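Trainee: Please take me through this model. I would like to ask about a few side chains.

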Amino acid sequence: MDYFSASLKSSTHLVKFNGEEGFLKSLNGSAWGNNVQKRLKFQKKGGKNLKHGVAFSVITSDNGKETMVETLAAPRFERRRVNPKNAAAIILGGGAGTHLFPLTSKTATPAVPVGGCYRLIDIPMSNCINSAINKIFVLTQFNSASLNRHISRTYFGNGVNFGDGFVEVLAATQTPGETGMNWFQGTADAVRQFTWVFEDAKNKDIEDILILSGDHLYRMDYLNLLQNHIDRDADITVSCVPVGKSRAPDFGLLKFDNTGKVIQFAEKPKGDDLQAMRVDTTLLGLSQKEAQESPYIASMGVYVFKRDVLLKLLRWRYPTSNDFGSEILPAAVSEHNVQAYLFRDYWEDIGTIKSFYDANLALTDEVI
């Protein structure tokens, strides 16, 4: 009795053979045989070691054709769906807010009123709530009294239900040790000082961490961002938008390849460095006119990190780096799978008096 060993890959697909010949004879020159030989590795048994890591089956001339066709089916692989319970959000309370002075003379930037009765912090908070992200940390430091008061009055009670989640304010504080005597030195340092919260038992299921700014105006479904992050098996995902030359020097700019992998990240480049970050944004679906107006890709300051990757970067790989945009991300691009997520809707960084004024007026525009 003759026999063959077949190694099946996950992409294997068998077609049904309806001929009258036996299995061994049918392999020679038939459509069924040609297809199988292309997709399977056939190997005459003779003491040769089989390859590990794949499924093996021994097929003999005694096997019926129906057995051949019906039993060898390609395995099914289901897409991993995002689970909001496995994600947490960190909203950064911002620095001194000097560019919004005098609005920030007595209040933190995220507590500045916008659109009448709202505060800037309500934007990322609303996005989280509507995205079913119910584990939210807010890091505060400068002029935080009004911000803390607004959060406690708005999101504790008043019909807002976080289920098994929470909204927790993490205020800058001094702790024992030399490094513990310092206040937040930057965005990355602020998160680093509170990485211990992710070791808490109640947070053991957190797999991905959203890093959000508290002074941006936009609407985003974070679940789409997280799903993109999972689908690409990214270590870090950076949400980005096309911007024009006049605004580009104010942001972190990036380049990515045709798979979406970020290959270069530069924080607020100037001169020749700025020109080097120019890209053809028609490849992103922009028209020729739009591409000429927006030839740069800017980071929104919205990031997703795998929890373990974030802790490794902040604690061990770059323990003295204080900022995500200028230090962590440019270095991580060459070492990790950093993916870009293109956001195609309204977004505004409320970083200056002019942008604050324009954004408030834009809220009065009629929605078409």
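Trainee: Is Asp189 buried or exposed?

Mentor: Asp189 counts as buried, because its relative accessibility is 8%. Buried means under 20% relative accessible area, exposed means over 50%, and partly exposed lies in between, with a 1.4 Å probe and protein chains only.

Trainee: What should I know about the model itself?

Mentor: This is a predicted model, where local features need pLDDT of at least 70 and side-chain atom pairs count only at pLDDT 80 or more, while totals for chains, interfaces and linings use all residues. Residues are numbered from 1 along each chain as its sequence is written, and side-chain values use heavy atoms, with hydrogens and water left out.

Trainee: Which residue forms a salt bridge with Asp189?

Mentor: The partner is Arg192, and the closest N and O atoms are 3.2 Å apart. A salt bridge here is a side-chain nitrogen of Lys or Arg within 4 Å of a carboxyl oxygen of Asp or Glu.

Trainee: Where do Asp189 and Arg192 lie?

Mentor: Both are in helix α6, 3 residues apart, which is about one turn of the helix. Helices (H or I, at least four residues) and strands (E, at least two) are DSSP runs, numbered from the N terminus. Arg192 is buried as well, at 14% relative accessible area.

Trainee: How many salt bridges are there?

Mentor: The count comes to 9. One of them joins the side chains of Lys306 and Asp235, at 3.7 Å from N to O. Lys306 is in strand β14 and Asp235 is in the loop between α7 and β11, so the pair ties together parts 71 residues apart in sequence.

Trainee: How buried are those two, and which network includes them?

Mentor: Lys306 is partly exposed at 25% relative accessible area, whereas Asp235 is buried at 15%. Salt bridges link Asp233, Asp235 and Lys306 in a network.

Trainee: Which residue does Glu348 pair with?

Mentor: Glu348 forms a salt bridge with Arg247, with 3.0 Å between the closest N and O atoms. This pair also links distant parts of the chain, since Glu348 belongs to strand β16 and Arg247 to the loop between β11 and β12, 101 residues apart. Glu348 is buried at 16% relative accessible area, and Arg247 is partly exposed at 29%.

Trainee: New topic: which residues are buried in α11?

Mentor: They are Phe324, Gly325, Ile328, Leu329 and Ala332. Seen down the helix axis, these buried residues fall within an arc of 110 degrees, so they line one face of α11. The arc is taken over the directions from the helix axis to the C-beta atoms.
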